[in-house]
Amino acid sequence: MSEAAVQTEPSPTTLALDIGGMTCAACATRVEKSLRKVGGVVDAGVNLATEVANVRIAPGAVRVSELIAAVEAAGYEARMHAEAGTDAPAMSVRADRGGLWVAGAALLSLPLAAPMLLAPFGIDAMLPGWWQLLLAAPVQFVFGARFYRDGWKAVRALSGNMDLLVAIGTSAAFGLSVYELLAHGDGHGTHYYFEASAVVVTLVLLGKWLEARAKRRTVEAIRALQALRPDTARVVVGAREIELPIAQVALGDEVLVRPGERIPVDGEIVDGLTHVDESMLTGESQPVSKGPGGRVVGGSINGEGLLRLRTSAIGAETVLARIIRLVEDAQAAKAPIQRLVDRVSAVFVPVVLGIGLLTLLGWGLGTGDWTRAVLNAVSVLVIACPCALGLATPTAIMAGTGVAARHGILIKDAQALELAHAVRAVAFDKTGTLTVGQPALLAAEPAKGVDRSALLALAAAVQHGSEHPLAKAVQRAFEAERGSVVLPRVSGIRAVAGRGVSATMQQDDADFEVFIGSEGWMAERGVDLAGFAPLAAAQQADGRTVSFVALAPAPSGVGAGAGGQSGHGGQAGATVRPRAMGMLAFGDAIKPGAAGAIAALHRLGVRTVLLTGDNAGAAASVARSIGLDEVRAQVLPEQKAEAVRALRASGAGGAPVVAMVGDGVNDAPALAAADVGIAMGTGTDVAMHTAGITLMRGDPALVPGAIDVSRRTYAKIRQNLFWAFVYNVIGIPLAALGYLSPVIAGAAMALSSVSVVTNALTLRRWRP
């Protein structure tokens, strides 16, 4: 086979463009179509809420300038996407400026609208026609110029958008009023419709301004993350400390962080002891103890100690920068349900124009009242704005991913967020997911007459300083329970390969040998373990490792010999036989939040399954203690993926949506096979890259939180789409039948967009 035959095609890359000038879902659709027509573009998606286009291109096949030119040819603005927080989004500028335009339009429109408000009270405050024209003209052609400009761009592109609907509708009302004024003179009894055109323009501007302000709030999660990064770092150069911009800090540089300061870089602690507040990353409010060798991430807050760090990641490779990119990608991505909205939006404006024309002709030809016909047609065009339809999905997704990120749930793509709402089964890995992932002393049973604290002190003394995982577990248990107990003095610590560890201890002016090890070694040394047999069997049945602690006169002691033999009789001979001091059982401790997580999943109606390569006893023990529904033990990595697929196929009446939760490389196939992969942030990079959702603090209690925030977000999407369609489905027929004036139609249209965004923002109150 030739070398060319085995070469793989380079995968497409993604470029992000900031898009300006979009006003509704139809605009986003048109930009997408324009980008897809460029040679070398694989696909393009535009998010109306973030005003960002994500363009997938074949490497080297297209220049950015070509993409920008295509967007501009469609009548919109484009530029390379600015990193959130480093450059204010275009919508922020427009929102600030829009407030001034709304105020100006409102000041001119108020005298025109006031007579309508005062008429029910018998007050006639109608202005003369020429005064109405003088007030309405600036609103129509100065403050409303954007509608003509953007509407004309749509016409040139042979499509339609919200601006075109507003421009045609308000121009018709304004033109009809001018005709009436010129044809019948400025008679006091003549009715004009200047207030309709001016108020509609003002209301639409108000709606867009409120919408822009609300959209700015949906990206606050990214802004808050960006604000966590300090601008400078205190770098140690020789014997000096130099304040440098973050961009100038290099890998390997040593950085000083004073107490209370925000840590500027990712790094490893070289010197110093402290507690670090990592809540910005993990959502965990409790500070984490850190010391030499510990790793810290930029953006977290140093506690009480002075730290010297060695920089391990800078710029785009820091943990915080990667999280920001993932949140941005999730917010910019389209959920599957958005495809339906896009298809509807693509034909919506032409259909509305057709309905408006039919309304005009129907009323005009049917009644002969062309004035009424024009007003009804205007109402149809104004109320039919598809803004709410385009904002329904992206605003909810942005709010949902943002609030989840603040609580330590990092949702990497919109599809995972949308699918998670339908999860009916969750498969868990055991080690590192439901359990801590390191041995812990789960049971310490002292012999009769021996105090538990004395047993732990003896075992900890013999294993003091050892790096063996079981020895460290004993040391941790002793430190947690020691109270006033002091470690006995031991010497001559000796590891016996495959058996255990021994040491010499002096007690009551006599030397004793303490040894800790397996049941087999105890039998070799002649230790009687009969009293521990039932307990040991029960612990081993649960998959735990059992060790024993025994005490015997040291070989060099009076009346003692190696192996417990003695050349003396009498009282000395009575103490020769080694004595069992107690039993220790080791296993992987269950995480504190595991049982609560399983209970919460059951309340959500989710079935829970354990998939582990561990033995059946250990798996069953974990399942019993936290309430899992099903256990599949001794499962190889490739079999985990098969087990996930089997769970998907096991649902009656249709395959259930299955989530897989794991943390290791061996979990990656199962995470990929699941509908929704959930990775522990304390796990491997492979697992986190494979999964659609990452739990930043590795707490299983966040699993039901991820499903819950997905359900709430999906509910908001459905609510938004319902209201967006309801406004149009109800409003358009009412307007066509003459039951809505242009002013009421304009208010309803503005209210629809604002209500959709405001409804999405209620997600910000969510708590896991």
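In strand S10, Val288 is the bridge partner of Val276. Strands here are DSSP runs of E, at least two residues long, and helices are runs of H or I of at least four, both numbered from the N terminus. This is a predicted model, with residues numbered from 1 along each chain as its sequence is written. Local features need pLDDT of at least 70, side-chain atom pairs count only at pLDDT 80 or more, totals for chains, interfaces and linings use all residues, and side-chain values use heavy atoms, with hydrogens and water left out.

Back to the strands. S9, residues 274-277, runs antiparallel to S10 and is joined to S10 by three bridges. Two strands pair if DSSP finds at least two bridges between them. The open sheet has three strands in the order S10-S9-S12, with antiparallel pairing. S10 (288-290) and S12 (301-302) are the edge strands, each pairing on one side only.

Next, the rings. The structure holds seven aromatic pairs. Rings of Phe, Tyr and Trp (its six-membered ring) pair if their centres lie within 6.5 Å; planes under 30 degrees apart count as stacked, over 60 as edge-to-face and the rest as tilted. Trp101 and Phe143 have ring centres 5.1 Å apart and planes at 85°, so this pair is edge-to-face. The pair links distant parts of the chain, 42 residues apart: Trp101 is in helix H4 (residues 90-118) and Phe143 in helix H5 (residues 129-143).

Are these two residues buried or exposed? Buried means under 20% relative accessible area, exposed over 50%, and partly exposed in between, using a 1.4 Å probe and protein chains only. Trp101 counts as partly exposed because its relative accessibility is 35%, whereas Phe143, at 16%, counts as buried.

Phe722 and Trp723 are also edge-to-face, because their ring centres are 5.3 Å apart and their planes are at 75°. Phe722 counts as partly exposed at 48% relative accessibility, and Trp723 counts as partly exposed at 44%.

Helix H26 covers residues 702-736. H26 has 35 residues and reaches 50 Å from its first C-alpha to its last, close to the 51 Å expected; the expected span is 1.5 Å times one less than the number of residues. After H26 comes Gly738, with a positive phi near 90°.

One aromatic cluster is formed by Phe141, Tyr148, Phe174 and Phe194. Finally, Arg525 lies over the face of Phe515, 4.3 Å from the ring centre; a charge sits over a ring if NZ of Lys or CZ of Arg is within 6 Å of the ring centre and within 35 degrees of the ring normal.
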